[in-house]
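Hi,

Here is the model I promised to pass on.

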Amino acid sequence: MTEWAQMIQERAEAALPPVEGELQVDGLQRPVEVIRDRWGVPHVYAENLHDLSFAQGFLIASERLFQLDFMLRLSNGRLAELVGDLGVHLDRFFRTVGFNRAAARIAAGYDERDLDLVRANTAGLRAWLDHMPAKPVEYEILGVDPTFPEGDELVTYGAAGSVFMAWILSTNWDAELLRFEIAQKLGYELMLELFPAVATDPAVVVAGKLGGDASAHRALDILKNAPLTPKGLGSNNWVVAGSRTVSGKPLLANDPHLSVAVPSIWFEIHLSCPEYEASGVSLPFSPGVVIGHTARHAWGFTNVGGDTQDLYLEHLSEDRTQALHNDAWEPTTIHREEIHVRGRTEPEVVEVVETRHGPVMDSYIIGVLSPQVIQGGITETFALRWTGAEHAIKPDTLIRMGQAGTFQEFREAVRTWECPGQNMVYADVDGHIGYQCTGLYPIRRKGDGTLPSPGWTDDHEWDGWVPFEDLPWSEDPDEGFLATANQKIHGDEYPYLIGKDFLPPYRARRISELITETAKHSQETFGRIHMDTMSIPAREIVPLLLEVAPADDRQKEVLHQLEGWDGDLAPDSTAACIYEVWCKHIGAEILLPKLGQELFDHFHGRRQWTNGFQYQVLPSLLRFPTATWFGAEGREGRDELLRRALNRAIEELTGSLGEDVSAWRWGALHKVRFVHQLAMIPDLAEMFTPGIVDIGGDEQTVLASLFEPGFGYDAEVVPSWRHIIDLSDIEASVGVHTVGQSGHPASPHFRDFVELWSKGEYHPLPYSRARVEEAAEHTLRLAP
């Protein structure tokens, strides 16, 4: 270790928060006790809700200050203040969308209970700034200080974090642009082949018992060019009734899928006061437990993926101060956004034009872990309307969820979970299980939201929201279980349009397979489901690929590995390695000549939301080959392309993994890299790398591990938190998130979850005071 690295290590150690003794903290009303267990999870005991929220803000800041600062700078379009020119393009995009303006609107709608919670939480954050022994080492490396607004400015500033989370879980403005761009290039009918409708599965997989479709209206004749912003997140949750468990009481499991991050997006915490008690995971900027359980009930989420975004093609005056609507000009609003850039004396100025529908978009993002903003990428004047620009999650929603005594009370609590919409599963100690779709979904006068619409008429406006009472829900179904995995959540008879871009149903189908093939479930069987890497799409696609005759002995040797393969994308599988790499090259061979590089990158190479081509389109193309996609009619053209793609796959695998085909392993290519951005500094790589692990699966296995075909095989979206809640014995519940509780690299809890997470293991979730005290390692008292 160099002298400089040694100094950084010492500074990192100096920044560690106190975990023993007593701190006198201004802002508390009564003493608070914080008991940390061996995993660094704080169990917080307060005498009132104000102090509980204050202590949560204080503790999260003590462990995750830089993460919190970074996320809120990003969400408010102020990243360039921290990192200089590197952050300008992202700031321009987020200021254009207007996360900061949305946060101001949303915070202005908080009632007194909301404000009490958020003010206490942010006061706790600021109190930590007065007590921290040293600033976190990231600030030392970057040569900056923590900076947060004060008072109610911090309330609004923090609300932008919720807006940002809503954005990454919202759809589908980018898909609208991509559909239209492909239709312009290939024609409407071929575009539809690349975006097939998501099938409706049997009711045993569909979570909601209401169920529909809306008539389509297309506007291709009035629209021109527009590129894409891909996205990519998903999740699994499932719950089984006591009739399907060993204990006779429900079991509930959840694993939300989010981008790989160091530290984890989640902070595990147990909060207790006379008014509220819950244990689970929280977000750095939000008071309360987001996903978790109480002594009598539990809940888990997956993203609905409903369509809460529409693009409108606007006719603006030459000076952009007016927009045409119903044959009359109406004024636009011009927002002057000043972006202060570290190292510059003058700010970067962005003038955002806003119509009645929303901001006019002029840039877009591609990629997940390394987003790029392409200036001027949108070549028409499109304005974005988005539910999240005005609606979010009411802060006291999390408190009321924890206070619910029945499923009916839980449903009423989540009525104010407005954006982003979530599939919520529920279970309680009385034996009830349930499902509720949450969120606000617009009722459109015309159209189905899949393509941009004309903004100069009233024809495509929104007329309110799908009523909460009419959103899909279910209680104690006859099947004895409920499962969601971002699939279509209603049947074809459903009278409203929630969206058209649900994820393929294969994870949900596989979860249902695994639930129904076992008579009685336990924590152990649920743990196996969490780690399942069986691919239903692979079981469908590989027999079609094996119809091709090999061109030579090398191809024959490789194809032999796929014969008899069961579709398990295990990390040590040779067949899985061949299948994934071959499919990547098949996609390139089919799509690149048709789409060109730019559209190919957006649709397939750097796709974030789903590799729909591989899972939904490719099987049909292989079964019914045409010259349109393969260059010649019938199997001859198909097989020639498949052999070319196989040769490219063999060349790639040989170059990466060697000549010995039997030594090729999927996990040798497909890894999760838990690496902090500062690990790019060579002397700090070890300090800031919690771990690099092999992983199985892909986007459509239960153990989800999405990768971008045009950007390598590293998993970029993975299970960010896993829990299994046992309603027969809450103390038997278990959970784990990805890396560790602390954001301090010198902390023993910076990386101690990695091994558990990678092996599919968990740590206990002690809940009762007696169990917490048994697990206690440190006790800190916060006094007024």
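Let me start with helix α18: 9 of its 12 residues are buried, so this helix is largely enclosed by the rest of the structure. Buried here means under 20% relative accessible area, with exposed being over 50% and partly exposed in between (1.4 Å probe, protein chains only). Helices are DSSP runs of H or I with at least four residues, and strands are E runs of at least two, numbered from the N terminus.

Before the rest, two housekeeping points. This is a predicted model, where local features need pLDDT of at least 70 and side-chain atom pairs count only at pLDDT 80 or more, while totals for chains, interfaces and linings use all residues. Residues are numbered from 1 along each chain as its sequence is written, and side-chain values use heavy atoms, with hydrogens and water left out.

Back to α18. The buried set is G612, F613, Q614, Y615, V617, L618, P619, L621 and L622. Those residues pack against α10 (188-194), α13 (506-516), α15, α17 (574-605), α19 (627-630) and α20 (634-657), with contact meaning heavy atoms within 4.5 Å. From first C-alpha to last, α18 reaches 17 Å, close to the 16 Å expected at 1.5 Å a residue (that is, 1.5 Å times one less than the number of residues).

The axes of α15 and α18 (residues 612-623) come within 10 Å and cross at roughly 25 degrees; axes are lines fitted to C-alpha atoms over the stretch in contact, and angles run from 0 to 180 degrees between N-to-C directions. The two helices are therefore roughly parallel (under 35 degrees; over 145 is roughly antiparallel, 65 to 115 roughly perpendicular, the rest oblique). On the α15 side the contact is made by P537, E540, I541, L544 and L545, and on the α18 side by Q614, Y615, L618, P619, L622 and R623.

And how do α2 and α8 pack? Helix α2 (residues 49-75) meets helix α8 (residues 151-168) at an angle of about 80 degrees, with the axes 8 Å apart. That makes the pair roughly perpendicular. L72, R73, L74 and S75 of α2 touch Y157, G158, A160, G161 and F164 of α8.

Last, L142 sits in helix α7 (residues 137-142). L142 is partly exposed, at 25% relative accessible area, and touches F66, L82 and R342, leaving aside residues up to four places away in sequence.

Cheers
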